[in-house]
Amino acid sequence: MQSLIYKVFTRKYSLSLQADALLYLSDIIKQNEISEKEAAAWLDLLADTWTKREEGKPLVELEPLRALTEAVAAGLDNGIGAADGDMADGGDASTSALTKSRTDVFAVIDAFDIPAWWYDPGKKMFVQPFEKGDIMSSAESKAALFRQRYDLLKQRVMRNENFMPVSFSNQEKDRFYKLSTIDSLQGREGEHFLLFGMLTQLEEGKLFLEDKAGSIELDFGLMNSKHTEVNGLFTEGCFVLVDGFMEDGVFKVEEIGLPPPEKREATRAAFPSINLFGGQPSLRTEPQLRAIEVSNENGIIFLSDVWLDKQETMEALHTLFEG
């Protein structure tokens, strides 16, 4: 069984087990006479949960593993560990088992307990610059906020297929978009550039684009004369991509757009071990959580602009709560 443990933990999840941790798992499998198929599924659940709970810690030690094993065992007793294969077969037993206990489905996390993950472009990874936030932040915090937002969005843009060099892309293409910084525009009048930065109004009535290297005034007259179609809502403080050229120290904008979105799966693939929201990850797998969601007719409703001093609002709330 040690070869099976090695196959799951080391080869599949890139985890290294200490000798006593390896022996501990092997003894559990032997003492409970678990079949190889069931053992593989159980080990996979353990390894997957370890990577989420321990935030990618590569060395599996005995005591944390023992605590995790007990937690997973408790979850299995409540129907948490139903096999994905059973669910794929559409078995009623696995679905009913999943719905027996739902105490671990939701977790309320205080805004001040959410970990402060900041993206470090030098290390190309997320770091925690401080333990917890504070309501009364310093004046430097505002500038740091926009710098961090710039780094966070730019790394996502650079991971997009359209911005990857041909040698790093999975798609066949003959060109890609290359971002330039504002300081690289000096002395290059008439050349076309694609810039990424924040829209800001450094002078009254004039819009500028600002990145970590500098700022430059924008002129949208060319877009207006050509009646260029624009998709998106652009406000001061938002980050945009602008395409155009330099003329007399002003950047003539020909096109403007928002950074491309990224699917959740792509973000998780890029940063598999980061727990962005804090709290303990659920022991349930995503297919199991989806099965619970489908089987539950209840939902969560978010309301905004609820004006309690208006009669029509109170009537609408009465209708909502009455069902």
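Buried residues are those under 20% relative accessible area, exposed ones are over 50%, and partly exposed ones fall in between (1.4 Å probe, protein chains only). The model is predicted, so local features need pLDDT of at least 70 and side-chain atom pairs count only at pLDDT 80 or more, while totals for chains, interfaces and linings use all residues. Residues are numbered from 1 along each chain as its sequence is written, and side-chain values use heavy atoms, with hydrogens and water left out. Helices (H or I, at least four residues) and strands (E, at least two) are DSSP runs numbered from the N terminus.

**Salt bridges**

- The structure holds seven salt bridges, each being a side-chain nitrogen of Lys or Arg within 4 Å of a carboxyl oxygen of Asp or Glu.
- One of them joins Glu63 to Arg66, with the closest N and O atoms 3.6 Å apart; both residues lie in helix H4 (residues 62-77), three residues apart, which is about one turn of the helix.
- Glu63 counts as exposed at 51% relative accessibility, whereas Arg66 is partly exposed at 28%.
- Asp151 pairs with Lys212 in a salt bridge whose closest N and O atoms are 3.1 Å apart; because Asp151 lies in helix H7 and Lys212 in the loop between S7 and strand S8 (214-219), the pair ties together parts that are 61 residues apart in sequence.
- Asp151 is buried, at 9% relative accessibility, while Lys212 is partly exposed, with a relative accessible area of 46%.
- The side chains of Glu262 and Arg159 also meet in a salt bridge (2.7 Å, N to O); Glu262 lies in the loop between strand S10 (250-257) and helix H9 (264-270) and Arg159 in the loop between H7 and S5, so this pair ties together parts that are 103 residues apart in sequence.
- Glu262 is partly exposed at 23% relative accessibility, and Arg159 is partly exposed at 22%.

- Asp211 lies in strand S7 (residues 206-211) and is buried yet has no salt bridge, the nearest side chain of opposite charge being Lys154, 6.6 Å away; here Lys and Arg count as positive and Asp and Glu as negative, with His and the chain ends not counted.
- The side chain of Asp211 reaches the backbone nitrogen of Ala213 at 2.8 Å.
- Leaving aside neighbours within four places in sequence, Asp211 is in contact (heavy atoms within 4.5 Å) with Tyr150, Thr181, Ile182 and Phe196.

**Met164 in its loop**

- Met164 is found in the loop between helix H7 (140-158) and strand S5 (179-180), where Met164 is buried, with a relative accessible area of 18%.
- The C-alpha atoms of Met164 and Phe176 are separated by 6.4 Å, although these residues are 12 residues apart along the chain.

Technical notes
Polar contact = N/O pair within 3.5 Å; in protein donor to acceptor, adjacent residues only side chain to side chain.
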